[in-house]
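Subject: Structure handover

Hello,

Here is the structure we discussed. My notes follow below it.

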Amino acid sequence: MSTPANASLSSLPTGDPARLNDVATALIHHPYQPPGGFETVQPGVHKASTVIFENTAALKTRQWKDKSGYTYGLHGTPTTFTLEERLATLEGGLQTLLVPSGLAAIALVDMALLRSGDEVLIPDNAYGPGKDFARGELAHWGITHRVYNPQDPASLAAQITERTKLVWLEAAGSVTLEFPDLAGLLAVTRAHPQVVSVLDNTWGAGLAFDAFRLGQTPEGEAFGVDVTIHALTKYPSGGGDVLMGAVVTRDATLHHRMKMTHMRLGLGVGANDAELVLRGLPSLAVRYAAHDASTRQIAKWLIERTEISQVLHPALPDSPGHAHWSQTCRAAGGLVSMVFEAQHFTQDRVEAFVDALKLFKIGYSWGGPLSLVMPYELQGMRQYGPLAGKQGTLVRLAIGLERVEDLIADLDQALRVLRA
Ligand SMILES: *Cc1c(COP(=O)(O)O)cnc(C)c1O
């Protein structure tokens, strides 16, 4: 049944597309060029799939691998090149690749540097989804992995074979925050020339320590890891609203191998996301220092609480690897974890504590302004170290940029709920 309104719509005269289109070419090929000399605080945001070549000669001599030119949006824009260079400077590296997440950075390194028949060694306290990638993907391609005790270089040495091509490192360890003897672990990998060392440096963010200068050869030459990866999602973005990752190296050959895999996989990042990370970088050091100062204050407050069996934070003298942290680091980041043992509190009580927190929100990730909390079941979490075989719940706090006294008051009232 047609209403009067419908009837009047169907009787509208149709437009003439040919006449409306007269201006199309002028709008697409518009001659106006704005004046140069537009200097701004932040770099421009360039967006492209297509990049235009001046002529066929330019097309035939196109060059993108060394950032001397452009060929296609996926292979780099002024915006992504700028971000890559700034991240290389932050890390003390020479080359950077950008990928859509921190996890994609882990996957890219594994895929680029491992072949069927190879083995990769992963620390017990590595970022969980990175271990899942080895279990769920690498295994299908005939690449095996084994887990080593990151607090014991001898454990790493004992597991390296001819087949070992990649050794992952992480400092501090995910969730449990043990700080490893990085120089000691690297001394082991350096004894095996076929092994590439790669550090997940998300926690240190290029600020807490120098990943490419961790030890010294007898000749006085500085050495560090071969490759680092970062979840830019965390501190570099700083907003809790971007997903991005980076792979940094100082070795041109390794960089080239990974860049070819990066290209073949079609990995790229959006210009607006790159813009947000570029916007976060100028305040990275002051934000990191603020997270660090608040977290140390909260960690010191937490060790006085009798409900908590153990507080994990590398700057605390009783935290695992504290001595290595002292030798290596000038900062300690914004994470602190606490252990509630099963003989003192049931999981229900610990969950009541987490639910009672008001300023700390329950959520994954970290590095933004908002403080976050995440509970983890201890059972099966670790193969090595004092937490192996323990029953109970670990609660990780990511300290944001709120006033620290307010965060402590929030923890205090929630601990009263735990005891109730
Ligand atoms: C968050 C995180 C990652 C993964 O980053 P996403 O961007 O979330 O994929 C990798 N490693 C560490 C240590 C992390 O904390």
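Buried means under 20% relative accessible area, exposed means over 50%, and partly exposed lies in between, with a 1.4 Å probe and protein chains only. This is a predicted model, where local features need pLDDT of at least 70, side-chain atom pairs count only at pLDDT 80 or more, and totals for chains, interfaces and linings use all residues. Residues are numbered from 1 along each chain as its sequence is written, and side-chain values use heavy atoms, with hydrogens and water left out.

Two loop residues

Thr 217 counts as buried because its relative accessibility is 12%. Thr 217 sits in the loop between β6 (215–216) and β7 (222–223). Helices (H or I, at least four residues) and strands (E, at least two) are DSSP runs, numbered from the N terminus. Setting aside neighbours within four places in sequence, Thr 217 is in contact with Arg 190 and Phe 223. Contact means heavy atoms within 4.5 Å.

Asn 149 is in the loop between β3 (144–148) and α8 (153–159). Its relative accessibility is 16%, so Asn 149 counts as buried. The Asn 149 side chain reaches the backbone nitrogen of Gln 151 at 3.0 Å. Ser 155 and Tyr 384 are in contact with Asn 149, leaving aside its neighbours within four places in sequence.

A helix pair

α6 (residues 102–113) packs against α7 (residues 128–136) at an angle of about 35°, and their axes are 10 Å apart. Axes are lines fitted to C-alpha atoms, for helices over the stretch in contact, with angles from 0 to 180 degrees between N-to-C directions. From α6 come Leu 103, Ile 106, Ala 107, Asp 110 and Met 111; from α7 come Pro 129, Gly 130 and Phe 133. Those contact residues divide into six nonpolar, one polar and one charged. Here Ala, Val, Leu, Ile, Met, Phe, Trp, Tyr, Cys and Pro count as nonpolar, Asp, Glu, Lys and Arg as charged, and the others, Gly among them, as polar.

A sheet and its helix

Five strands form an open sheet with mixed pairing, in the order β10-β11-β14-β13-β12. The edges are β10 (310–312) and β12 (361–362), each with a single partner strand, so one side of each has no neighbour in the sheet. Two strands pair if DSSP finds at least two bridges between them. β10 and β11 (residues 335–341) run antiparallel, joined by three bridges. Leu 312 stands opposite Ser 337 in β11. Helix α12 (residues 284–303) lies across β10, β11 and β14 (392–398), at about 15° to β11.

Best wishes

Key:
Polar contact = N/O pair within 3.5 Å; in protein donor to acceptor, adjacent residues only side chain to side chain.
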